[in-house]
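Subject: Structure for you to look at

Hello,

Here is the structure I promised. Please open it and keep it in view while you read my notes below.

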Amino acid sequence: MIDLHTHSLFSDGALIPSELVRRLEMMGYIALAMTDHVDFSMVEFVVPRIIKVAEELNRSQPVTVVPGVELTHIPPSQIKPMITMARDLGAALVVVHGETIAEPVAPGTNRAAIEAGADILAHPGLIDPADAALAAQNNVFLEISARAGHSLTNGHVAKTALEKDARLLINSDGHAPGDFMTREFAEKIVEGAGLERGGLDKLLANSRILLQRVGYPL
């Protein structure tokens, strides 16, 4: 299993990074991205610490840890410079908090994230087909989410992505121990999104493609 959207105590997660990684190791994961929430106020604090954690843990345990961030509730006009800032600080993977129907995300966030070349558009809600087509063109991955609330539109995301040839992957958006997916639960999420049986392996293959692109091949 691979999870490219997780949160630690560096934002609103319940676990210190080392425990987060250890718990996923015990669940059979081979890779995760630590993508704590950031905005302009603390990105310069969070990213270097996630990088340090990833470097230390990658020396001493078998799960590949990728340093990343989730840009959260950023005004659409500021998403592009924020992505640039995060990458300049060393974030290997940039997730943008998409227009989930469960939160008051600013309209235009999905399009701004895709135009700016985010790696993953998380839980993009009722994503417009034109935005999904642009995600395919710009190689932005769209997320099928296991998180309550965000997962309500998985069916729409999956259907729209398939129609426009956009790549999908599956993540937990995990904040606490009970949030992380077993393989069996992930298969149910995939089936619940309307994807075919065996679709989980295709989504995990996409996660591997993204990991290779950002310099963490498995």
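Strand β5 (residues 120–122) and β6 run parallel and are joined by two bridges. Across that pairing, Leu-121 stands opposite Leu-142 in β6. Strands here are DSSP runs of E with at least two residues, helices are runs of H or I with at least four, and both are numbered from the N terminus. Two strands pair if DSSP finds at least two bridges between them.

A note on the source: this is a predicted model, where local features need pLDDT of at least 70, side-chain atom pairs count only at pLDDT 80 or more, and totals for chains, interfaces and linings use all residues. Residues are numbered from 1 along each chain as its sequence is written, and side-chain values use heavy atoms, with hydrogens and water left out.

Now β6 (residues 141–145). Five of its five residues are buried, meaning under 20% relative accessible area with a 1.4 Å probe, protein chains only (exposed is over 50%, partly exposed in between). Phe-141, Glu-143 and Ser-145 point one way; Leu-142 and Ile-144 point the other way.

Next, the whole sheet. It is open, has seven strands, and runs β1-β2-β3-β4-β5-β6-β7 with parallel pairing. β1 (2–6) and β7 (168–171) stand at the edges with a single partner strand each, so one side of each lacks a neighbour in the sheet.

Within the sheet, eight bridges join β2 (residues 31–38) to β3 (residues 64–71). There, Met-34 stands opposite Pro-67 in β3.

Best wishes
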